[in-house]
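Here are my notes on the model you sent over. Have it open while you read, as the points go chain by chain and then into the sheet and the cores.

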Amino acid sequence: MTAAGAWRALRRRSQSTGRSPAAAGIAAAGALATGVILWSAFPLATGRAGTRLSLAAAIVAAVMSIAQLAAAAIGSRDSASFAVLDQVAQWLTGLVKILPWPELLIVAVLVLEALHGSRPWHTALLGVALTGYVLAVHLTETRAGASVLRAQLPLLSAGLALTALSVGAAALPHFMAGSADAAIRIVVLIVAVLAVGLAVPVWLSRPARNAAASDRRAH
Amino acid sequence: MHWSLSGHARRLLVLALSGVAAAVLTRRAEFAGLAAPALLLLATWQSDRNPQVAVRVHLATASLVEGVSEALEIEIHGHELFTARLLVEPADTVLAGAAVDVPGGHPTRTAVLRVVPTRWGRYSLGVLVITLTDRYRLTEGVAVVELPFASTYPHAAALQSSVVLSRLPSRLGEHPARAAGDGIEFAGVREFVPGDRQRRINWPATTRRGSLHLSTFSAERTQNVVVIADETSDVGDPGSSSLDLVLRGASGAITRYLAARDRVGLIIFAGRLSWIAPGQGRRHWYRLLDLMMSTPGGWDRVPGLTRLPRAALPPGSLILVFSPLLDARLVEALRDLRERGFSVLVVDVLNAEPAHDGSRLSRLTARMWHLEQQAVRFSLTQIGVPVVHWDGLTSLDTPLAPYTRRVLVAHR
């Protein structure tokens with residue numbers, strides 16, 4: 001069997017394990033990155049000074065973060081070649097890998113959003129998309145299935161409830177005092193209670209590692 | 001084990017801090033809400049994380065074979081609270097399968113990773129990277145374990161048929177010989193003489209001739225085969241060089257003849273001679289392959305290699321030589337073997353030629369080199385040593401076909 005044949009056999013074997021292909025994760029992360037940039041940047045005309053610069057930075061960070069995921073998925077082996085093209089390719093790959101592009105994208109997108117006027121529901125949706133982007137990047141780079149996020153689901157739900165709460169709080173001054181105001185306050189209170197109710201049990205159920213370790217030592 | 005925040009935790013931290021900072025700077029509450037999911041996820045981070053993790057790496061087989069996927073069993077102990085991700089970062093000559101996730105919740109778990117060595121030899125398979133991740137995927141512990149050295153045998157060339165000599169030593173085996181005996185190969189019919197076994201009476205012949213006739217059968221004998229692997233030169237492209245083909249061909253011949261219950265010996269013709277006298281069985285196969293792997297290549301020209309040792313060459317052996325025929329000492333040794341009465345068959349594995357430019361002098365030297373090679377092969381053929389060429393792409397049956405369809409007559 002040739003090396004190429006052996007490699008194909010390994011690829012088939014790894015694909016037959018049913019893992020989600022990296023391409024789908026990269027596509028999802030790319031779509032979310034594009035979505036958050038468009039969502040936070042437009043309309044460009046209403047943005048303050050520096051919007052275009054932040055937009056350019058966000059686009060560069062998005063492209064590089066996707067390239068980083070793709071490079072990690074393809075995998076590369078250090079080449080002993082001294083050819084100029086190989087050296088340039090290695091340098092570019094190093095550049096893609098060395099900087100935290102997803103983090104830079106998050107900061108650039110938030111700056112873009114902050115450069116626009118107050119729009120609470122818009123910002124809340126941006127937060128949801130950014131959280132989704134962070135999760136998509138994590139799943140892609142670890143090649144794990146979405147089931148690994150099951151433990152985080154209550155916390156995510158609680159966080160989204162708090163996001164809704166903040167939108168309500170931000171929108172509150174726009175309403176006139178009266179029955180609507182009272183109704184919104186009650187809804188906000190219920191959401192806050194629900195969020196705390198979801199988050200606290202998760203926090204309390206964190207595994208007691210010291211106890212487990214001492215049990216292990218005793219055995 | 002090196003512990004740190006995971007990349008996921010770093011991104012959540014950036015999202016949370018940026019959101020809070022934007023909320024403070026712009027006095028807009030919705031930015032704090034944007035940071036809320038990330039903050040809540042980060043709240044589950046725990047600082048105590050020092051499990052005693054033990055790892056045991058075990059190869060499913062004692063030795064690997066070039067191009068054949070093998071299982072690497074990894075037993076991991078003490079990672080109950082963490083998900084372990086096992087990944088082999090292979091050496092240059094090894095391919096490794098995808099990473100394997102080992103869930104926590106149990107004191108000991110076993111995972112299987114696949115590795116494919118692509119080159120024969122003895123080398124380390126690479127390193128095993130173990131990444132422990134907590135339930136919320138916020139902390140990561142990374143440990144790197146050096147994988148053991150493993151011997152990788154050359155991929156045995158396919159060989160279904162075998163060359164059998166006309167004269168076989170009187171030792172019980174599986175090849176039908178010319179002499180009559182107790183085998184199952186029908187040899188002929190002859191008249192019954194007192195003392196013959198009655199169950200061998202050939203009744204049709206008896207009826208036709210009117211007197212008792214019985215069937216005779218060929219004796220079944222084994223043969224001694226000595227494989228000579230010429231490791232004095234290594235020319236050609238890496239992966240299909242003459243040395244690669246020598247080892248693959250020799251490995252294929254050894255495997256084939258041992259499977260046919262023949263007695264097989266090996267002589268490594270390198271900087272010095274190493275040999276194992278003919279023997280049988282699976283253990284002998286390992287001995288021969290280990291000798292093949294352990295002998296260093298010999299590019300130094302040691303004199304006195306033209307006469308091969310008698311101890312390695314039982315009388316009447318079939319000598320199979322895998323060589324590019326570039327070493328004059330080996331050619332001389334083959335002539336000597338022929339003079340000593342051995343039946344020798346050479347498999348020529350030379351598939352490369354010296355590089356030359358288009359100049360007239362270069363063309364001339366290349367032509368002289370070709371003529372010299374032809375002369376070497378012609379001289380061997382003239383003294384009764386057949387030379388067949390093998391390109392390494394086809395099975396060995398193709399070049400050996402003229403000699404496997406009938407017995408090879410052993411000349412004296």
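1. A quick term before anything else: two residues are in contact if their C-beta atoms, placed from the backbone, lie within 7 Å. By that count, among contacts in chain A between residues at least 6 apart in sequence, 85% join residues at least 24 apart.

2. Some housekeeping. This is a predicted model, where local features need pLDDT of at least 70, side-chain atom pairs count only at pLDDT 80 or more, and totals for chains, interfaces and linings use all residues. Residues are numbered from 1 along each chain as its sequence is written, while chains are lettered from A and ligands numbered from 1 in the order in which they are written.

3. Chain A has 9 helices and 0 strands (DSSP runs numbered from the N terminus: helices are H or I, at least four residues, and strands are E, at least two). Of its 219 residues, 32% count as buried. Buried is 20 or more other C-beta atoms within 10 Å of a residue's own, exposed is 12 or fewer, and partly exposed is in between, with C-beta atoms placed from the backbone.

4. Over to chain B, where an open sheet of 6 strands with mixed pairing runs in the order β17-β16-β15-β18-β19-β20. Strands pair if DSSP finds at least two bridges between them. Why do β17 and β20 of chain B each have one side without a neighbour in the sheet? Because β17 (273–279) and β20 (387–389) stand at the edges, each with a single partner strand. The twist averages 15° from one strand to the next; axes here are lines fitted to C-alpha atoms, for helices over the stretch in contact, and angles run from 0 to 180 degrees between N-to-C directions.

5. Within that sheet, β18 (residues 318–323) and β19 (residues 343–348) of chain B run parallel and are joined by 6 bridges. Phe322(B) has Val347(B) as its bridge partner in β19(B), and Leu320(B) has Leu345(B). β19(B) is mostly covered, with 5 of its 6 residues buried.

6. Now have a look at helix α4(B). With 18 residues, α4(B) reaches 25 Å from its first C-alpha to its last, close to the 26 Å expected at 1.5 Å a residue (the expected span is 1.5 Å times one less than the number of residues). 15 of the 18 residues of α4(B) are buried, so the helix is largely enclosed by the rest of the structure. After α4(B) comes Arg261(B), with a positive phi near 65°.

7. Leaving aside neighbours within four places in sequence, Leu247(B) is in contact with Trp120(B), Pro154(B), Ala229(B) and Met292(B). Tyr153(B) is 94 residues away from Leu247(B) in sequence, yet 8.9 Å away in space, C-alpha to C-alpha.

8. Last, the cores. A nonpolar core is a set of buried Ala, Val, Leu, Ile, Met, Phe, Trp, Tyr and Cys residues joined through C-beta atoms within 7 Å. The largest has 76 residues, and those touching the most other members include Ala229(B) and Leu334(B). α4(B) gives the most to this core, with 8 residues. Apart from it lies another core, of 63 residues, among them Ala144(A), Ala164(A), Val14(B) and Ala29(B).
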